[in-house]
Amino acid sequence: MSHHPMSHHPMSHHPMSHLIRRNPTSRRPAGRLRACAAALALTLVLAGALAGCGKSGSPPVKGPQPEDLPVYQVATGFRLPDSPTWTKAKKRGHLVVGAKEDQPYMGEKDPASGRYSGFDIEIAKMMSASLGFDPKTIEFKTIASANRETALQNGQIDYYVGTYTINENRKKQVGFAGPYFLAGQSLLVRKGETEIEGPEDLDGKKVCSAAGSTPYQRLQKEFPRAVLVAYDTYSVCVDNLLTYQVDAVSTDDSILLGYAAKVPEELKVVGKPFSEEPYGIGVPRSDNALRLALDDALAANEKNGNWKKAYEATLGLSGQPAPAPPAIDRYPAS
């Protein structure tokens, strides 16, 4: 996907206020209030401001629980002398990995602890262990979508894991291991929604996506009868979904599954994906040794069950079972 502009900024409005203004005679007050409470909670979580909810004094749940995540065995005596990236990391003593920090259960950074978590982060960790580096030593760097190629070309990072769609144009600038996940544009709706089961049900429905994003453009072109609403961030779209301002949110299912994993009792992802977004691990273009070593590492972690366990502890919390991982594309060096 070309751009996932999801930033964590506190909402400028209280989600309850538009409910009171716009729905004076709501026929489903309990459901709406519950959705509203969930929206408020989600807003606060996304703003990093949830000071403890539920049991008094309990810390906010931020990302997957560490005890549910797989433990990756560090390969001992691993060598990759043909890879300049690996050789440089070996001298340094740890890997530097580019990631996203604002995608729930994919790549998310806890503002309080600075800890990164999510499915993409788990992929980065299992790759690190296979390359002979303890995953605990990874130095994660948040790199915006627009700067990924530059960061890899300049050696700012060793590899990048962050909803990075493999395409021919990008292959001219960077190398890709994988794909490790096949995402696709999908729809997020409220749990009780029965009328929307796929994009063909969007006629006259209000659908929210990020302004200027590929998913927004695809809806415009392919589903012109949907009523499109655009915001700068998906977090605002989700907030509007929970408060009955819109009927659906649309972008890559990986991002939508992350939001559903936050409040699975309120939200669900529906229908089959209607685009293909194969996510790859970005590497410096000329470092074929590293690219192929990462392909081997992915294959091994898919086979030993780590891939599935990582999914279940992250995106799987949405209620969607683990898909089969996509076939790895070991394309020849050009």
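This is a predicted model: local features need pLDDT of at least 70, side-chain atom pairs count only at pLDDT 80 or more; totals for chains, interfaces and linings use all residues.
**Entry 1: terms and overview**

I call a DSSP run of at least two E residues a strand, and I number strands from the N terminus. By that rule, proline 179 sits in strand S7, residues 174-183.

I then counted elements. The protein has 11 helices and 13 strands. I looked up burial for the whole protein: of its 334 residues, 53% are buried. I also checked how far apart in sequence the contacting residues lie. Among contacts with a separation of 6 or more, 74% join residues 24 or more positions apart.

I began with the peptide bond into proline 179. A cis bond joins glycine 178 to proline 179, with omega at about 5 degrees. Strand S7 holds this proline. I remind myself that most peptide bonds are trans, and that most residues other than glycine have a negative phi.

Next I looked for positive phi values. Tyrosine 105 is not a glycine, yet its phi is positive, about 65 degrees. I found tyrosine 105 in the loop that runs between strand S2 (102-103) and strand S3 (107-109). Its relative accessibility is 7%, below the 20% cut-off, so tyrosine 105 counts as buried.

Threonine 163 is another case, with a positive phi of about 40 degrees although it is not a glycine. I placed threonine 163 in the loop between S6 and H6. Threonine 163 is buried as well, at 0% relative accessibility.

**Entry 2: helix H8**

How many residues of H8 are buried? I checked residues 234-242 and found 9 of 9 buried, so I log helix H8 as mostly covered.

**Entry 3: glutamine 185**

I went to strand S8, residues 185-190, where glutamine 185 is placed. Glutamine 185 is buried, and its relative accessible area is 0%. What does it touch? I set aside residues up to four places away in sequence. The partners of glutamine 185 are then Pro215, Arg218, Leu219, Ser250, Thr251, Asp252, Pro273, Phe274 and Ser275.

**Entry 4: H4 against H11**

I looked at how two helices pack. Helix H4 (residues 119-130) and helix H11 (residues 306-313) have axes 9 Å apart and an angle of about 150 degrees. An angle over 145 degrees counts as roughly antiparallel, and H4 and H11 are therefore in that class. Their crossing is right-handed.

Which residues meet? From H4 I noted Phe119, Glu122, Ile123 and Met126. From H11 I noted Asn306, Trp307, Ala310 and Tyr311. I sorted the residues of this contact into 6 nonpolar, 1 polar and 1 charged.

**Entry 5: salt bridges**

The structure holds 11 salt bridges. I followed three of them.

In one, the side chains of aspartate 158 and arginine 92 meet at 2.8 Å, N to O. Aspartate 158 is in the loop between helix H5 (148-153) and strand S6 (159-160), and arginine 92 is in helix H3 (residues 84-92), so the pair ties together parts 66 residues apart in sequence. Buried or exposed? Aspartate 158 is buried, at 1% relative accessible area. Arginine 92 is partly exposed, at 31%.

Another joins glutamate 168 and lysine 171 at 3.6 Å, N to O. Both residues lie in helix H6 (residues 168-171), 3 residues apart, which is about one turn of the helix. In an α-helix, residues three or four places apart point the same way, because there are 3.6 residues a turn. Glutamate 168 is exposed, at 55% relative accessible area. Lysine 171 counts as buried, at 15%. I also found a network of salt bridges that links Glu168, Lys171 and Asp329.

I then turned to aspartate 296 and arginine 330, whose side chains form a salt bridge at 2.7 Å, N to O. This pair links distant parts of the chain, 34 residues apart: aspartate 296 is in helix H10 (residues 288-303) and arginine 330 is in the segment after H11. Aspartate 296 is partly exposed, at 44% relative accessibility. Arginine 330 is also partly exposed, with a relative accessible area of 42%.

How values were computed:
Residues are numbered from 1 along each chain as its sequence is written. Side-chain values use heavy atoms; hydrogens and water are left out. Axes are lines fitted to C-alpha atoms, for helices over the stretch in contact, and angles run from 0 to 180 degrees between N-to-C directions. Helices (H or I, at least four residues) and strands (E, at least two) are DSSP runs, numbered from the N terminus. Angles under 35 degrees count as roughly parallel, over 145 as roughly antiparallel, 65 to 115 as roughly perpendicular and the rest as oblique. A crossing is left-handed if the near helix is turned anticlockwise from the far one by less than a right angle, and right-handed if clockwise. Contact means heavy atoms within 4.5 Å. Ala, Val, Leu, Ile, Met, Phe, Trp, Tyr, Cys and Pro count as nonpolar, Asp, Glu, Lys and Arg as charged, and the others, Gly among them, as polar. A salt bridge is a side-chain nitrogen of Lys or Arg within 4 Å of a carboxyl oxygen of Asp or Glu. Buried means under 20% relative accessible area, exposed over 50%, partly exposed in between (1.4 Å probe, protein chains only).
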